[in-house]
Amino acid sequence: MHQKKVFGTKDQKSLVDLYAKYVSEPKASFFTQIGLGLIQAKREGIKIHMLEGEDGNGPLELIDCHTSGGVFNLGHHHPEINAALKEGLNLGLDIGDHHLLSEQRALLAKQLADLLPGRISKTMFSVGGGEAIDLAIKLSRAFTKRKKIISAKRAYHGVTGFALGACAPSFKDPFFWDSPDFLQVPFADINALREVMDEETACVLFETIPATGGILIPPEGYFREVRELCDDKNVVMIADEVQTGLGRTGKMWGIYGGLYDKEQVVPDIMVLAKGMSSGVYPLSTTSYIPELESVFEEDPFLHISTTGGSELGCYITRKMLDIISTPSFLAHVENVGKLFGQGLNKLKNDFSDKIVDVRGRGLMWGVEFIDDFTSLYFVLSSVRNGVFCDYCGNHKATSKFLPPLIISENQITEILERITTALMNL
Ligand SMILES: Cc1ncc(COP(=O)(O)O)c(C=O)c1O
């Protein structure tokens, strides 16, 4: 039965119990044990409101510096996105039939092609990032007729089949996901990559800035060399821009100027997700150079996704792209990102007994602590001080911040003040 009230239909404890009983006992226990019964309630702009604070007294309002890894690039309930959602429904859009040709998919793909670098101009649609990575790997295998996939140690690309195979062992070992065709090399080590790449290699798949791996910034020139190696061995280069794409680095694409102004590398396939949803309608894309389309010449229905590329989703995503691709929007991300980076580096100096490194680009930052424990405790302390950040799953000593791209200078200052208090309380 649908109720008019959405948030707080029961008290917090009853909802945690309900969640434990019917969704996940381990997850409910995790949050309860760390003293936070975090049930998200109303979301608005850069804020997430909690149903109740810790024991009824904790922060009721958090500044969202997690954004589900960039899902909420435009914050929560951006008025133009909400309007597009309603408009799309009123215009008669729904998911659309996945076999039929689609006006909305064509229009969104054209808009993407205009924004994507180099000759990347074809797009296929999925629902989530893992599915879109799976498709990228499938394309590389079918095109090259080779099997080997090379990714980075500590990588995270999703939990679906091929994507999981390219992830760090912590994610795949419990499921006995083991294949000699999936190799992993240390990130940003070009010699290690050169050693394992051979005539059997179908693709090289890297996150531009590995997020779960610890917000790692490769040295200038690294991706240029990866490109050269791929060209040399006819290997497909896949950029996972699920977190770094769509303006996160202050440039449209991390790999194309976002890491280093003068380093503009064009992969063969670029994968986007998270922010593509505009926070309201799941949608992900696998965009590629035209040659790769030969994979579908014999059978255009070789790869299908029933709910991937919903027409309603495409309509909203087109609005999202209109907003984030304007030069003033990207300049804003670059400016507030610099302010945030400077503030975090100052904290590194002021708390040099706790913080060992600060890394990032645009509005994607990692703060590396002396050990895992300090980092985890910092995250908890930040939440208690009203800032929702997270630690990197495959490098727990690093805490990460991905605030909404619409964040203002004053809000950045507020975050820095709040996490300073969090550090003082460690
Ligand atoms: C870099 C990267 N790639 C892929 C994915 C998978 O995306 P999804 O959770 O939508 O399947 C994630 C998710 O966190 C990610 O961070």
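How do the residues of the shell around the ligand divide into nonpolar, polar and charged? The legends below take up this question first and then move on to other parts of this predicted model.

**View 1. The shell around the ligand.** Welcome to the ligand, which is surrounded by 14 residues. The closest are G128, G129, G130, G158 and V242. Sorted by class, the shell holds five nonpolar, seven polar and two charged residues. Helix α5, spanning residues 129–144, supplies the largest share of this shell, with three residues.

View 2. Contact between them involves 29 residues of domain 1 and 32 residues of domain 2. On the side of domain 1 that touches domain 2, the elements giving two or more residues are α11, β11, β12 and β15. Of these, α11 gives the largest share, five residues. By class, this side of domain 1 has eleven nonpolar, 14 polar and four charged residues.

**View 3. An open sheet of four strands.** Follow the strands in the order β11-β12-β15-β14 and you have walked across an open sheet with antiparallel pairing. At its edges are β11 (355–361) and β14 (390–392), each of which pairs on one side only. From one strand to the next, the twist averages 30°.

**View 4. Two strand pairs in that sheet.** Let us look at the pairing, starting with β11 and β12, which are antiparallel and share six bridges. R359 stands opposite G366, a residue of β12. These two strands form a hairpin with two residues between them, and in this hairpin G362 has a positive phi near 50°. The second pair is β14 and β15 (residues 395–401), also antiparallel and joined by three bridges. Here C392 has H395 of β15 as its bridge partner.

**View 5. Helices on the sheet.** Two helices come into this view. Helix α11, residues 327–350, lies across β11 and β12 (364–369), and its direction is at about 170° to β11. Helix α12, residues 372–384, packs on the sheet and touches β12, β14 and β15. The directions of α12 and β15 make an angle of about 30°.

**View 6. Helices α1 and α2.** The meeting residues are V16, Y19 and A20 in α1 and E25, A28 and T32 in α2. This contact is made up of four nonpolar, one polar and one charged residues. How many buried residues are there among the nine residues of α2? The count is zero, and this helix (residues 25–33) is hardly covered. Just after α2 comes G35, with a positive phi of about 85°.

View 7. Most residues other than glycine have a negative phi. A188 is not a glycine, yet its phi is positive, at about 70°. You can find A188 in the loop between β6 (182–185) and α8 (190–196). The other residue is L246, with a positive phi near 60°. L246 belongs to the loop between β8 (236–240) and β9 (269–272).

**View 8. M276 and its surroundings.** Our last stop is M276, in the loop between β9 and β10 (284–288). Why does M276 count as buried? The reason is its 31 C-beta neighbours inside 10 Å. Leaving aside residues up to four places away in sequence, M276 touches L283, S284, T285 and T317. M276 and H66 are 210 residues apart along the chain, and their C-alpha atoms are separated by 16 Å.

Note on methods:
Residues numbered from 1 in each chain as written. Predicted model: local features only at pLDDT ≥ 70, side-chain atom pairs only at ≥ 80, totals over all residues. Buried ≥ 20, exposed ≤ 12 C-beta atoms within 10 Å, placed from the backbone. Pairing = 2+ DSSP bridges. Axes fitted to C-alpha atoms, helices over the stretch in contact; angles between N-to-C directions. Contact = placed C-beta atoms within 7 Å. Near = placed C-beta within 6 Å. Nonpolar A, V, L, I, M, F, W, Y, C, P; charged D, E, K, R; others polar.
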